[in-house]
Amino acid sequence: MVDYTLNRRKFILGTSAFVTLSALEAKGLPFERPPKNIKVGLIGAGWYGKSDLFRLMQVCDVNVVAICDVDSRHLQEAGRLVGERQRSGQIPKLYKDYRKMLADNQFDLILIGTPDHWHARQAIDAIRSGAHIYLQKPISVDVLEGEAILRYARKYNKKVQVGTQRRSTAHLIDAKKQVIDQGLLGKISHVEMCCYYHMRRNGNPPVEPVPDFLDYEMWTGPAPLRPYDGLPHGGWWRTFMEYGNGITGDMGMHMFDTVRWLLQLKWPKKISATGGIYVQQEGKSTIADTQTAVFEYDELNCVWQHRTWGGPVDPEYPWAFIIYGDKGTLKGSVMKYEFIPVGKGTPIKKDVVYEKEKFPEDLEEPRIELHTAPATRQHLLDLLSAIEHDRPPVADIEEGYISTACCILANISMQLNRPLRYDPEKKICTDDPEATKLLKRPYRTPWQHPNLA
């Protein structure tokens with residue numbers, strides 16, 4: 001017999017999920033009632049890994065079987081919090097090595113929320129174990145890692161939803177339907193994308209002993225082993241190119257992917273970029289504090305710019321895209337969009353959709369991005385629907401590969417100080433063997449690059 005005795009918190013979780021699903025259906029957003037008892041695992045139980053898992057648990061009665069993290073404090077906290085939220089009250093099995101977690105269990109779905117340098121290796125190993133994947137962006141730190149994830153996903157017929165949840169953001173879906181698809185912009189020949197957040201952590205912390213609760217060797221994995229100078233959590237790792245793709249590959253990838261989705265763009269014909277560390281030169285950080293990249297299509301340039309110093313061009317759109325057409329302009333961000341017509345047309349403006357009343361537990365969660373939570377829930381529901389109906393999810397791995405790779409190519413262009421033309425079929429930079437060599441980063445022994453597998 002099923003036990004219907006629920007505490008207040010679990011009752012709220014269950015009823016709020018039903019209300020949100022009904023609301024999605026009423027809005028005409030893609031929606032399926034998800035199946036039950038999906039066996040789920042989480043690799044990377046820090047801030048965003050837990051956040052993604054909690055959003056999934058709000059909309060689907062999953063069975064979180066196991067969690068993995070190299071930080072025992074993260075691991076124990078995640079296990080406790082998941083146990084409190086699961087209807088069964090069961091605390092998941094806890095692991096420090098994701099390979100043992102995959103070997104010991106059979107999963108339907110794996111969520112990956114580790115730092116970027118781990119994404120490709122863990123995604124491929126999880127796919128090969130038989131699981132579908134929810135993979136945080138960027139999907140890789142080099143171009144050929146991303147191509148390898150795509151190849152394995154197709155070989156094993158597994159769905160991979162990339163965490164580019166702007167594709168599931170209600171007000172941006174509205175912008176696509178009401179502005180882009182209706183042709184209100186006219187001929188589109190220029191796009192600007194930007195991020196002016198002061199998010200580049202810098203400084204010169206001293207080298208210190210690795211704490212007992214952190215397996216720093218495993219945290220580093222295939223990346224270069226830097227001297228330990230404090231916990232890498234909380235964004236310190238993002239300030240090093242050793243572990244990611246800089247701000248272009250982090251924030252720029254989101255906006256470029258959004259623009260590609262809105263305008264139905266694939267690979268650009270040419271990519272060029274300039275920039276470097278122009279202002280914030282006093283610390284250890286190796287990512288650019290200033291960068292401009294141009295992604296060229298036929299009669300269309302998509303221009304990215306970031307600065308981690310100074311002020312934004314438009315304080316209302318510090319992280320945003322602006323699409324210019326001959327009949328109007330579309331400004332968009334995670335918080336809102338507005339259509340500004342040329343001439344006598346009617347302006348349109350929509351704000352982000354919150355779900356504070358439907359999911360009151362969101363208000364109790366530390367560090368939650370309230371404006372992003374609804375999009376993440378819808379993104380996860382779309383993945384479950386894609387698995388159920390054997391169709392590509394809205395942020396399919398091929399789309400994540402293109403967006404990630406283009407931002408990496410922009411970084412390579414900046415490094416070499418010349419434009420690049422990438423051939424995704426031949427997997428080369430055309431007429432540029434030096435750039436082609438940079439499509440794959442060396443892996444630290446004994447880890448093997450998936451492109452060699």
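**A helix pair and a buried strand**

Helix α5 (residues 119-128) packs against helix α6 (residues 143-155) at an angle of about 10°, and their axes lie 9 Å apart. Because angles under 35 degrees count as roughly parallel, α5 is roughly parallel to α6. Keep in mind that this is a predicted model.

**Where the helices touch**

- On the α5 side, the residues in contact are Ala120, Ala123, Ile124, Ile127 and Arg128.
- They meet Glu145, Ala148, Ile149, Tyr152 and Ala153 of α6.
- What classes of residue make up the contact of α5 with α6? There are eight nonpolar and two charged residues, with no polar ones.

**Strand β12 and its two faces**

- Strand β12 covers residues 328-333, and six of its six residues are buried.
- In a regular strand, side chains alternate between the two faces of the sheet.
- In β12, Gly328, Leu330 and Gly332 point one way, while Thr329, Lys331 and Ser333 point the other way.

**The neighbours of β12**

- Strand β11 (residues 319-325) pairs with β12 in the antiparallel sense over five bridges.
- In this pairing, Ala320 has Ser333 of β12 as its bridge partner.
- The link from β11 to β12 is a hairpin of two residues.
- Strand β13 (residues 336-341) also pairs with β12 in the antiparallel sense, over five bridges.
- Here Lys331 stands opposite Glu338 of β13.
- A hairpin through two residues joins β12 to β13.

Notes:
Residues numbered from 1 in each chain as written. Predicted model: local features only at pLDDT ≥ 70, side-chain atom pairs only at ≥ 80, totals over all residues. Heavy atoms only, no water. Axes fitted to C-alpha atoms, helices over the stretch in contact; angles between N-to-C directions. Helix = DSSP H or I, 4+ residues; strand = E, 2+ residues; numbered from the N terminus. Parallel < 35°, antiparallel > 145°, perpendicular 65-115°, else oblique. Contact = heavy atoms within 4.5 Å. Nonpolar A, V, L, I, M, F, W, Y, C, P; charged D, E, K, R; others polar. Buried < 20%, exposed > 50% of the residue type's maximum accessible area, 1.4 Å probe, protein only. Pairing = 2+ DSSP bridges.
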